[in-house]
Amino acid sequence: MPNDDGDKRVLNYCEEVLLFERDVRLLDDRNWLNDQIISFALEYIYQEILPSAKQAKACIVSSNVCELFKFGDTDLIKQVCSDLGFAKKELLLLPVNDNDKPSQTGGSHWSLLAFHRKANRFEYFDSLSYSNLDTAKSIASACESLLETAKKPKFNLTPVPLQQNGSDCGVYLIEFAKVIVQAFAEGVLFLDFSHITPSFIKDQRKKAIMLTPVFEVSQDDQFLLITVRAPFAKITDTEIEYHGNEFLFVSKPYFLRLYLPKEVVDNDTGTAEYDSDKGYFNIKVPKLVPGEVFTGLDMITELLRPKGAQSAKPLIEECNDDEDEQILLAQSVPNEDGPVPEDTCSKFGYGFAWRRFGVFRKLQEEISQLIDLADPDDRAIDQRLQLCRDMNQQLFNEDHYLADLYSPDDGLTAALKLELPSDEKLSTLSFEDRDRMKDLPKKRWELSTAQHTTVALSLADLLFAYLYDYRTTECENTVESSWTIVKLSPTLSFLVKYADVKEAIVGTFERSLVFPLYRNWELSVKVLEDVRRILRLGRIAILKCLLVIHRLLASHGEYRYILNDLYVTDYCVWIQTVPDAVLDQLATEISAFAIAKDMLCLDLEEVELAGRLATLNCSENGPESNAVVSDQQCLRSVAVSCGLIDSDDEQ
């Protein structure tokens, strides 16, 4: 439908932003982006990247409201913004432009201002060396009374990549916003802008600010069956191409390139249909060799990763400035101080594959209660497991354990009787799973077989911790779930490194009997059976568990998202490509391992013996008798009843 000027409406997004053809034309090279394009892009990023639980904690402030902060008086600002709930938001994003006339809209330069409540600071991002700095400071000052912070927020200037022309500032703003919102959604502490280069921005212009859609790939003998969710696609401009090992889908504002494990062919048998009611494209892609099996089609992160030469070093590879050349970005977890010496990591490292160091020292004031290991950067790897077990032994509560043993409440009884979902449900990725997977880093861990095996051992305690919470909450996660998972996993709470399966199972078994609400041996044994089942089902079932852990740590509890950055994000990536032999070995060893109470450092048999002694009536004359028997006689009677000695044993 055209507007009053005869300009055709292109998109009405979430009833929030209207785009017309004149707006879309600005996406071409050498044009400034206007308020409408900026508003659409930021709203889209907010709706599509942030999970619903996080959306309530963030706010994308419109450019109109930012103009009000620049030119409105205090009373008007409070009146207009009172319903926006700034005081309850953890993240604010405010687009800043250099317009200095209240009677006009827009301006000639865009930059970005963000407020992070947990850090109590504004951060300023400008691709033209802080040319909008004074305007940004005035907006921050106008916001302060609405934030209701205990102290005046700090104002930081954040170094970012700089533009090399006079028209790309809006695209840089959008890319900065993507990084910030993605980090907030995933609970990642660090912001990595290293991929935002002039060539990348040029490529984004060509893609018209496109985002990766949620997709699913299955197969039959003849075809790959690719489903793409693109509810806001412009059907007339949709392009679908495939040949060899690549599949390409372009439909503004979506862009999807898949790197397939085997070859497909473009012939007359391929089809594509669009379901307008559901917003899905259903695409049939012919296989080059009919009957050939394509493996790993559920491993979404791997399908999105360019198959270039592998390197352990962080790398940004830019082919050249030719329009037809693609940009391949190999991503890595950023490290502010550069590479950590290998010797340091081998002795004091932590995180996935024990390749991180110094994180806790930098953030000790903010995250002192995040884990149980004191001074983690000063604790050698080979000391941590024993320190963990020492704490377990010290904090073990005999009365709590005995109460759950002899008087289980309804919640514990329900957890013991719970039947987990079917194998099919446990090993089928949901829409939410796929949505989270598409935003994982597009990288691959190159590890030796021995390193894969060691990394897999920590997977055992992560699964145990998650499945304990899953069983005790009756398959419904709670606000305490992230606490439970971190507490029960020695990997997350003590940064341990295991030598074998026994250490991994015993370590998490002990913590399951020391910290959570229900501390019951039979319950822990059932959870171990759940772990065995998940491992038997394979990598998809394991990945589903890891994705839930990732979501819980990102959305529940202060600073637990840092453990995603250190561990869980990389486990979600690693599990998609780890050799089958590594997972098979872990499943076999855990299946064969028989846990016993005397393996733990909690003296459970003695505690149970004492509990029986307290509850048994040792008198032959019944409970009403006043007869007194010796401790030795009582202990012998209890030991016989427990099956620890024979009735004719004199000792």
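**Figure 1. A polar contact joins the side chains of Gln163 and Ser127 at 2.5 Å.** This is a predicted model, in which local features need pLDDT of at least 70, side-chain atom pairs count only at pLDDT 80 or more, and totals for chains, interfaces and linings use all residues. Residues are numbered from 1 along each chain as its sequence is written, and side-chain values use heavy atoms, with hydrogens and water left out. A polar contact is a pair of N or O atoms within 3.5 Å; within protein, one atom must be able to donate a hydrogen and the other to accept it, and residues adjacent in sequence count only if both atoms are side-chain atoms. Gln163 lies in the loop between β7 and α7, where helices (H or I, at least four residues) and strands (E, at least two) are DSSP runs numbered from the N terminus. The side chain of Gln163 also reaches the backbone oxygen of Asn165, at 2.7 Å. With a relative accessibility of 8%, Gln163 counts as buried; buried means under 20% relative accessible area, exposed over 50%, and partly exposed in between (1.4 Å probe, protein chains only). Beyond its neighbours within four places in sequence, Gln163 is in contact (heavy atoms within 4.5 Å) with His109, Ser127, Leu128, Asp168, Cys169 and Tyr172.

**Figure 2. An open sheet of mixed pairing holds 5 strands in the order β3-β4-β5-β6-β7.** Two strands pair if DSSP finds at least two bridges between them. The edge positions belong to β3 (58–60) and β7 (154–157); each has a single partner strand, so one side of each is left without a neighbour in the sheet. From one strand to the next, the twist averages 20 degrees; axes are lines fitted to C-alpha atoms, for helices over the stretch in contact, and angles run from 0 to 180 degrees between N-to-C directions. Strands β3 and β4 (residues 91–97) run parallel and are joined by 3 bridges, and Cys59 has Leu92 in β4 as its bridge partner. Helix α6 (residues 133–147) packs on the sheet and touches β4, β5 (110–116), β6 (121–125) and β7, its direction making about 145 degrees with that of β4. Helix α7 (residues 169–186) also packs on the sheet, touching β3, β4, β5 and β6, and its direction makes about 20 degrees with that of β5.

**Figure 3. Phe122 has its place in strand β6.** Phe122 is buried, with a relative accessible area of 1%. Not counting residues up to four places away in sequence, Phe122 touches Leu113, Ala114, Phe115, Ala140, Cys143, Glu144, Leu147, Pro153, Lys154, Phe155 and Asn156. Ala140 stands 18 residues from Phe122 in sequence, and the C-alpha atoms of the two are 7.2 Å apart in space.

**Figure 4. An open sheet of antiparallel pairing holds 4 strands in the order β8-β9-β13-β12.** Strands β8 (215–219) and β12 (271–275) stand at the edges with a single partner strand each, so one side of each is left without a neighbour in the sheet. The twist averages 15 degrees from one strand to the next. Over 7 bridges, β9 (residues 223–229) pairs with β13 (residues 280–286) in the antiparallel sense; Thr227 has Asn282 in β13 as its bridge partner.

**Figure 5. Helix α13 (residues 398–406) has Tyr401, Leu402 and Asp404 as its buried residues.** Seen down the axis of α13, these residues fall within an arc of 165 degrees, so they line one face of the helix; the arc is that of the directions from the helix axis to the C-beta atoms. Their cover includes α14 (410–417), α21 (521–537) and α25 (604–615).

**Figure 6. The largest nonpolar core has 125 residues.** A nonpolar core is a set of buried Ala, Val, Leu, Ile, Met, Phe, Trp, Tyr and Cys residues joined through side-chain atoms within 4.5 Å. The residues with the most contacts inside this core are Phe247, Leu258, Leu459 and Trp574. Helix α17 (residues 449–472) gives the most to the core, with 13 residues. Leaving aside neighbours within four places in sequence, Trp574 is in contact with Phe352, Trp445, Leu447, His452, Val455, Ala456 and Leu459. A second, separate core of 33 residues includes Leu33, Phe125, Cys169 and Tyr172.
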